[in-house]
Amino acid sequence: MTTGQDLELVSLTKRYGEALAVDSVDHHFRKGQYACLLGPSGCGKSTTLRMIAGHEDPSEGSIVLGGADVSWLPPARRGTAMMFQSYALFPHLSVSDNVSFSLKMKGVDAPERRKKAGEMLELVHMDQYADRLPDQLSGGQQQRVALARALITNPQVLLLDEPLSALDPFLRIRMRTELKRLQQELGITFIHVTHSQDEALALADEIVVMNNAVIEQAGPAREVFNAPKTEFVARFLGGHNVIALPHGHFAIRSDKVALTSTAEGRLGGQVIGIEYQGAYVLLTIRAAGDQEIAAIVPEEKYFENPMQQGVDVGLSWDDSALHPVSV
Ligand code: ADP
């Protein structure tokens, strides 16, 4: 359903000389959704985001926000805001002045700027740091300031380009939770570029998988994970096998592949890898046609009947777990 504040990309294209960075992309981002643009390096995610932000001109096509074509408006007049990496903060300005910088450009007076910046800093739990300089903050705190600086413009759409990649793994997960909380609290659209499947699955209402300058598949996170339409999506999201069977190629989650005796299996193979992973054991089986198939067995179940490398096994599954994919 289209609502007044949805964001639409219409045949959006970007060429750099001969190279096609974004190839006629059509997509409809619904208002108030957390969307993740997911894909490998170089697939066109950042270019798409920069065109939405107005930091890059489209070669063809348009960007429509709230029914208005914003393709050629300057960034500050689009209703979008980009959260830049924390190192883009002005080092000589206080946290408060960094956050309210765009208001200064608009001619808002100092007391009002201070008040607004305070509200934004409260939102990201940084109000007690208003008078510090950026280099007196940790990486995670700088990230929150960068977020407050983007949100002060009251955007309808917040754009985030790999916002967590500079953080250590522990902080990354904390900040991820924070982003989700903020998005839900504010009810605005977030479009978050990432190459991390885990990040996209953890955050996104909608995952938009890009590959080679086009959208390969888009949909709710669970739908894209559970029913990948192409071999690329199945492999990129991980946790899946792509099996070639006489009637086509199928994706099947590794935790839906069961091990049986060789007589009972629908496919026979040999165990070539056994990895203990804590909560589960990851088995790699070389099956007919030299295909490697991963099977995940919960640890307690596995240790009821542990296996030896090199042993012959059967593989079985429920047909409902198979999803046809194009290759
Ligand atoms: P991603 O964000 O998915 O890693 P990008 O959008 O940054 O991918 O890049 C998509 C393609 O466009 C890549 O092949 C990249 O080399 C190319 N590209 C990006 N920016 C420029 C530029 N300013 N000039 C020339 N080529 C570029």
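## Ligand contacts

In this predicted model, a polar backbone atom of G42 lies 2.7 Å from an oxygen atom of the ligand. On its own the ligand has 560 Å² of accessible area, of which the protein covers 57%.

The shell around the ligand consists of Y16, A21, P40, S41, G42, C43, G44, K45, S46, T47 and R50. By class, these residues comprise four nonpolar, five polar and two charged. Helix α1, spanning residues 45–53, gives the most to this shell, namely four residues.

## Domain layout

The domain assignment divides the chain into domain 1 (7–226) and domain 2 (240–324). A distance of 40 Å separates the C-alpha centres of domain 1 and domain 2.

## The five-stranded sheet

An open sheet is built from five strands in the order β13-β17-β14-β15-β16, with antiparallel pairing. Because β13 (258–260) and β16 (291–298) each have a single partner strand, they form the edges, and one side of each is left without a neighbour in the sheet. From one strand to the next, the twist averages 45°.

Within this sheet, β14 (residues 267–276) and β17 (residues 312–316) run antiparallel and are joined by four bridges. G268 is positioned opposite G314 of β17.

Key: Residues numbered from 1 in each chain as written. Predicted model: local features only at pLDDT ≥ 70, side-chain atom pairs only at ≥ 80, totals over all residues. Heavy atoms only, no water. Pairing = 2+ DSSP bridges. Helix = DSSP H or I, 4+ residues; strand = E, 2+ residues; numbered from the N terminus. Axes fitted to C-alpha atoms, helices over the stretch in contact; angles between N-to-C directions. Domains from an automatic or database assignment. Near = heavy atom within 4 Å. Polar contact = N/O pair within 3.5 Å; in protein donor to acceptor, adjacent residues only side chain to side chain. Areas by Shrake-Rupley, 256 points an atom, 1.4 Å probe, with all protein chains shown as cover. Nonpolar A, V, L, I, M, F, W, Y, C, P; charged D, E, K, R; others polar.
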